[in-house]
Amino acid sequence: MDFGIRGKRAAVAAASAGLGLASAQALAAEGVRVALCGRDSARLDEAVRSITDAGGDAVGIAGDLSTAAGGGRFVADAIDALGGVDILVPNAGGPPAGGFGSIDLELYGPAIEQNLLSTVAMCAAAVPAMREQGWGRVVAITSISVRQPIEGLILSNTARAGTTGFLKTLALEVAGDGVTVNSVQPGSHATDRLRSIHGGDLTEAARQIPTREVGRPEDFGWVVAFLCSDQARFITGAAIPVDGGAHRGLQ
Ligand code: NAD
């Protein structure tokens, strides 16, 4: 299937590795020109090369997405580099692990800044021009924890619920302008983040998933790319789990 987005311009946040990179790779395979953001220039160069070596069009933008200002700056730089942004994939690293008993009050602000306000800032920088041109896609990377909070990840659970409320509200406001806004909720995918949470061994994580395996990053990236497609034009305000059936609820 041709996703109908060849030549579109995408800003993909936190894309030097993991789910952001897999999303950028899937978009690039569909002919989208992608701007990738990451903090480490060497890793970013490697990520860009993984796309250009496969015949894709990619540019790296070094930056830190842990603040609203950093999120806004990345999108402004991506607009400069690509001549505009038609597709935005908000994403950032996950906040520190811990529960109510171990996470101090002061840690909530930075987590909300990184996983909620930077998404708001990225949307503020990208969505007005999408509305003006009558076409745009926002597909944010959140977490399955929005459906079912994950024990020991209280910062992530708290911030991402707020992000999802923001995205749903934005989706309703811009739906009449050809702009769709969705989120994709990863369950467990084999990335550095998941390995660090599980001490490097994903065997137990896989046992808890009905498919009996953790997801590959590309299993996630292709769903993001599909939501950016022309065919997905009637999907907006959705929060879509990609979790191998791990979430047991009906909603
Ligand atoms: P990852 O840590 O493997 O990769 C994240 C990438 O973003 C890395 O390249 C990292 O250098 C970059 N990054 C991190 N913080 C950044 C910052 N402040 N500024 C710029 N770049 C930054 O993570 P991942 O597994 O790809 O996860 C992506 C998001 O999805 C995270 O927020 C994570 O918490 C969430 N998530 C992941 C899973 C999973 O199974 N992998 C599950 C649920 C939620």
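Residues are numbered from 1 along each chain as its sequence is written, and side-chain values use heavy atoms, with hydrogens and water left out. Because the model is predicted, local features need pLDDT of at least 70 and side-chain atom pairs count only at pLDDT 80 or more, while totals for chains, interfaces and linings use all residues.

Start with the helices. Here helices (H or I, at least four residues) and strands (E, at least two) are DSSP runs, numbered from the N terminus. Helix α1 spans residues 18-29, and helix α8 spans residues 217-227. Their axes lie 7 Å apart and meet at an angle of about 55°. Axes are lines fitted to C-alpha atoms, for helices over the stretch in contact, and angles run from 0 to 180 degrees between N-to-C directions. α1 and α8 are therefore oblique to each other. Angles under 35 degrees count as roughly parallel, over 145 as roughly antiparallel, 65 to 115 as roughly perpendicular and the rest as oblique. The crossing of α1 and α8 is right-handed. Handedness is left if the near helix is turned anticlockwise from the far one by less than a right angle, and right if clockwise.

Which residues of α1 and α8 make the contact? From α1 come Gly18, Leu19, Ala22, Ser23, Ala26, Leu27 and Ala29. From α8 come Pro217, Glu218, Phe220, Gly221, Trp222, Val224 and Ala225. Contact means heavy atoms within 4.5 Å. Ten of the residues in the contact of α1 with α8 are nonpolar, three are polar and one is charged. In this scheme Ala, Val, Leu, Ile, Met, Phe, Trp, Tyr, Cys and Pro count as nonpolar, Asp, Glu, Lys and Arg as charged, and the others, Gly among them, as polar.

Move on to helix α3 (residues 68-82) and helix α4 (residues 108-133). Their axes come within 7 Å and cross at roughly 35°. α3 passes α4 in a right-handed crossing. On the α3 side, Ala68, Gly71, Gly72, Phe74, Val75 and Ile79 make the contact. On the α4 side, the partners are Glu113, Leu117, Ser118, Ala121, Met122, Ala125 and Ala126. The contact of α3 with α4 has nine nonpolar, three polar and one charged residues.

α4 also packs on helix α5 (residues 154-174), at an angle of about 20° and with the axes 8 Å apart. That makes α4 roughly parallel to α5. This crossing of α4 and α5 is right-handed. α4 contributes residues including Tyr108, Ile112, Leu116, Val120, Cys123 and Arg131. Among the α5 residues in the contact are Ile154, Leu155, Arg160, Phe166, Leu170 and Glu173. By class, the contact of α4 with α5 has 14 nonpolar, five polar and three charged residues.

How many disulfides does the structure hold? The structure holds zero. A disulfide is a pair of cysteine sulfur atoms within 2.5 Å. Cysteine 123 is in no disulfide; the nearest cysteine sulfur, in cysteine 228, is 12 Å away. That distance is too far for a bond. Cysteine 123 is buried at 3% relative accessibility. Cysteine 228 is buried too, at 0%. Buried means under 20% relative accessible area, exposed over 50%, partly exposed in between (1.4 Å probe, protein chains only).

Asparagine 157 sits in helix α5. Is asparagine 157 buried or exposed? Asparagine 157 is buried, with 13% relative accessibility. Not counting residues up to four places away in sequence, asparagine 157 touches Ser145, Pro149 and Ile150. Leucine 82 is 75 residues from asparagine 157 in sequence and 34 Å away in space, C-alpha to C-alpha.

Next, two loops. Alanine 14 lies in the loop between β1 (9-12) and α1. Its phi is near 45°, a positive value in a residue other than glycine. Arginine 212 belongs to the loop between α7 (203-207) and α8. Arginine 212 is not a glycine, yet has a positive phi of about 65°. Arginine 212 is exposed, with a relative accessible area of 57%.

Finish with the end segments. Glycine 4 is in the segment before β1 and is partly exposed, at 41% relative accessibility. Leaving aside neighbours within four places in sequence, glycine 4 is in contact with Asp230 and Gln231. Glycine 4 and phenylalanine 226 are 222 residues apart in sequence, but 10.0 Å apart in space, C-alpha to C-alpha. Glutamine 251 lies in the segment after β7 (239-242) and is exposed, at 74% relative accessibility.
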